[in-house]
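Me: Hi! I'm new to this structure, could you walk me through a few parts of it?

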Amino acid sequence: MSAALRADLALVGFGNVARRFSRLLEERRQPLARDYDLDCRIVGVATRHHGARYDPRGIDVGDLPDGGSVTGGGHSPALHVIDRLAQSDADLRVVVETTTLDIAAGQPAIDHVRAGISAGCHVITANKGPVAFAFAALRDEAAAAGVNFLFEGAVMDGIPIFNLVRETLPVVELLGFRGVINSTTNHILTALELGEPFDAALERMQAEGIAEADPSLDLDGWDAAAKAAALANVLLDARMSPHAVRRTGIQKSDGERARLARAGGKRLKLVASAVRGPDGRVSATVEPVELPASDLLAGLNGKANALVLSTDLLGEIGICQLEGSLTHTAYALLSDLVTIGKRQRTR
């Protein structure tokens, strides 16, 4: 049996997802060691408002209070822990970026990813911003530095959309996609169909940590637009930002429309789509659409998501996520970590 790879991790952002990821690392410590020869430890934590903590011996994040309050700090907590991580003698040095989405320009997450790559660290993120705004540049920088930049948790939590295409669809050309990819709005629309108040459905998503910290990102369609841009950039080489996505969100007045659609045998869904036109350009849209009951996307209830890929050789391929939670997103980070370990073994 080969010696275990030691992976030192620095968490940039310590909100709900990062805290669940840190617990998941402990819960899966034995299978990580047994099945993947990975010995993982968190050595750094950085938050925007509470500074940074770094200890090369490892940090017990259970000692950190909720909300990510840490000690130490400096001018830039993220860059502080990334610089320290770069000095580690671990087999794998991994930056785990989970700060909140900035819909204006994807910052400071893009700078965090770029700093990790420049420091010779692998980077995994659940933040849509870097992929939605700067995927091609960051991909190329990571390749030049000989490190990984992975982001499975950016869209549909732990469901392997990017892995599916990258690892299992060789020589297949993707022509476009359409999907329901925002759990909060799908839950709200489902609730509205049944006569539940808009605000009550939103508050439930906020209480579960599913809704964005700024819920207008969900309701106005920005979260779905960022995911659509990320998917288009990675799967269709679109090189667009969320601001290039034609976008219409949902509002309280959609309750009547949702109920009428259901009464007529249809379902109202917030659909994100993208397609490559005859001129080679990719266009993307997020908007409420009334779908026939026979449509796969129409059957999604509550927090369920689904994506339908349009391909040249296999026709349409659908992948569904029937539930979404913090554990699903945290698992995506864990999955990316395992992928990095596997790639290190095969070098």
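**Strands and neighbours**

Reply: Happy to! β5 and strand β6 (residues 149-150) pair in the parallel sense over two bridges. Strands pair if DSSP finds at least two bridges between them; strands are DSSP E runs of at least two residues, and helices are H or I runs of at least four, numbered from the N terminus. This is a predicted model, where local features need pLDDT of at least 70, side-chain atom pairs count only at pLDDT 80 or more, and totals for chains, interfaces and linings use all residues. Residues are numbered from 1 along each chain as its sequence is written, and side-chain values use heavy atoms, leaving out hydrogens and water.

Me: Which residue stands opposite V123 in β6?

Reply: That is F149. From β5, the chain crosses through helix α5 (residues 128-145) to β6 in a right-handed β-α-β crossover: with the strands pointing away from the viewer, the path from the first strand over the helix to the second runs clockwise.

Me: And what joins β5 to β4?

Reply: Four bridges do, and the two strands run parallel. E97 stands opposite T125 in β5.

Me: Which way do the residues of β5 point?

Reply: H122 and I124 point one way, V123 and T125 the other, and all are buried (under 20% relative accessible area; over 50% is exposed, in between is partly exposed; 1.4 Å probe, protein chains only). In a regular strand the side chains alternate between the two faces of the sheet.

Me: New topic: is L313 buried or exposed?

Reply: L313 is exposed, because its relative accessible area is 56%. You'll find L313 in the loop between β11 (305-311) and β12 (316-321).
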